[in-house]
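Please keep the structure in view while reading.

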Amino acid sequence: MLYFKSSITVFVTVAFLLLMNGNCYGQNYSSRISIYGNSIDEKPYSTSEIGAILKGQKSRWKNGNSVLIILRFTQDEQTQYMAQQIYNKSVQAVRKYWLGLVFSGRSSAPLFAESNEEVLDLLKKNKGAIAVFVDYKGKIPTEFKVEITNPD
Amino acid sequence: MKFNYLFFFTLILSSNFILAQSNFNVKGFGSIDYEAEYHEDDEELELGFKLGEQSLFVSGDMGNKFSFLGEFAINYSVSPHGSTSTSSFVTSVRRARIKYNYAGNHSLIIGQMHTPTNYWNDVYYHARVFYPTADRPLAFTYFLPIHSLGIRAQGQNLGKLNFGYDIQSGNSLEGDGTNPSFIAALHIKPTDGMRIGASYYYDHITDNSAVHHMHQESHLNSSLYNGSMDYQLISFSFARFEKQLEILDEFTTAFARTDSLGMAQSYSNYLYVGYNIKEKYTPYVVCDFLHSAENDLRNGAFNRLKYGVGYKHQFTPILNVKCQLEYYTSIQNLTSNNMVPNHYEFTIQLAYAIF
């Protein structure tokens with residue numbers, strides 16, 4: 001019983017201290033990053049809301065479409081930049097993050113594209129898709145535009 | 001057995017064709033271990049390679065808010081000394097479940113799944129590549145029901161704290177639904193990489209001698225008692241995995257109540273602390289203890305303590321090697337019928353995922 005009580009005390013104390021030390025992460029994305037959606041909820045999103053969606057924390061839009069995340073994902077500098085901006089992780093860590101999330105059954109797998117053009121192609125084909133472009137200069141239909149406001 | 005291999009090969013060979021048509025994913029997980037044990041009492045050294053569990057993971061969208069997830073495993077099993085057969089491969093279905101995402105982040109799940117008793121069982125499953133240490137907490141060998149077949153209501157990432165719930169009813173540990181088991185698990189994720197959770201499990205067992213094993217390495221001794229029992233578990237989990245610091249604490253207390261010996265309370269705690277150096281290199285420490293009461297007729301009386309140090313080297317996100325040295329002993333001042341001989345265990349585990 002003594003071990004039980006002491007373990008509970010240690011557990012609660014450690015949890016509290018670490019909670020106090022918790023760091024919340026929120027920031028604007030740079031102009032290199034652009035985010036577009038196909039048939040997603042029409043509303044302005046804060047960067048923290050978009051960040052949560054891109055981390056697989058939302059399963060379904062209010063209009064009923066399933067959330068499908070499309071990322072431009074290779075081994076180049078642009079992917080590294082996206083991984084740092086959106087996930088605050090390295091490319092390798094992002095890959096492992098998604099692998100773990102899908103394996104635990106708590107999120108659907110994202111689609112990984114090799115170029116911005118492929119991202120756009122997948123975006124057009126999938127309702128409910130939300131896509132991240134990096135350094136894309138091409139034209140994207142205005143109906144896919146996602147309004148992003150400052151962090152809340 | 002031939003049928004099982006045929007099934008696996010068919011699944012693998014057909015995956016490219018299926019992948020081209022829908023959001024269907026096939027992945028593989030496995031490990032290869034090298035273990036060395038040194039027993040202080042008899043100065044005996046045991047060592048050898050061991051083929052870890054190899055599992056195939058499939059998931060796919062079935063359309064109209066339905067999705068499927070399955071996990072099929074092959075284990076290399078060595079029979080106890082004196083048995084006529086020394087080794088064999090055992091195949092099993094670890095998970096096979098259909099999920100209905102009826103609204104927002106709320107879902108109904110039916111099928112065989114892992115019980116959401118703690119963070120480890122809810123997140124890592126059988127994939128060693130995700131494990132922070134080479135082996136699972138001691139509670140998995142004694143207290144916890146790993147899998148269950150039933151129906152679950154699940155919610156996740158709700159509100160600012162990313163609240164989540166799992167309410168499940170399923171077959172009891174006896175393997176039928178006459179007296180269904182019940183589990184409720186709650187958690188929050190206040191920041192990225194952090195999850196704090198608690199769960200409660202209840203099962204009324206009418207015949208303790210007929211209970212199913214909880215997993216392949218279970219030390220459950222069902223011959224202790226063949227009467228009825230109320231079995232309850234309360235668990236707490238704290239997980240914080242950040243860029244550098246990693247902490248995982250799993251606490252479980254088990255209550256086994258019988259008419260003959262009354263309430264027996266047992267408990268265990270697993271603590272892991274790791275520190276990532278440039279993501280790829282993670283030295284860590286681990287401490288794990290378990291004590292089950294003398295009148296615990298479900299688990300038997302056990303007293304276990306192990307602690308050690310380890311190092312994880314991540315070649316890629318899907319390939320890592322862990323080197324771990326642990327010392328197994330018993331908690332001082334606590335007696336039990338099943339004291340474990342003191343010994344050292346050194347493990348090298350190569351864990352991987354294929355996709």
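Helix 3 of chain A lies across strand 1, strand 3 (68-72) and strand 5 of chain A, and runs at about 120° to strand 5 of chain A. Helices (H or I, at least four residues) and strands (E, at least two) are DSSP runs numbered from the N terminus; axes are lines fitted to C-alpha atoms, for helices over the stretch in contact, with angles from 0 to 180 degrees between N-to-C directions. The model is predicted: local features need pLDDT of at least 70, side-chain atom pairs count only at pLDDT 80 or more, and totals for chains, interfaces and linings use all residues. Residues are numbered from 1 along each chain as its sequence is written, while chains are lettered from A and ligands numbered from 1 in the order in which they are written.

The open sheet of four strands in chain A has the order 1-5-3-4 with mixed pairing, where pairing requires at least two DSSP bridges between two strands. Strand 1 (33-37) and strand 4 (111-113) of chain A are at the edges with a single partner strand each, so one side of each lacks a neighbour in the sheet. Strand 1 and strand 5 (residues 129-134) of chain A pair in the antiparallel sense over five bridges, and Gly37(A) stands opposite Ile130(A) in strand 5 of chain A.

The contact (C-beta atoms, placed from the backbone, within 7 Å) takes 30 residues from chain A and 38 residues from chain B. Helix 1 (2-20) and helix 4 of chain A are the elements that give two or more residues to the side of chain A that touches chain B. Just after helix 4 of chain A, Gly105(A) takes a positive phi of about 80°.

Definitions and conventions: Two residues are in contact if their C-beta atoms, placed from the backbone, lie within 7 Å.
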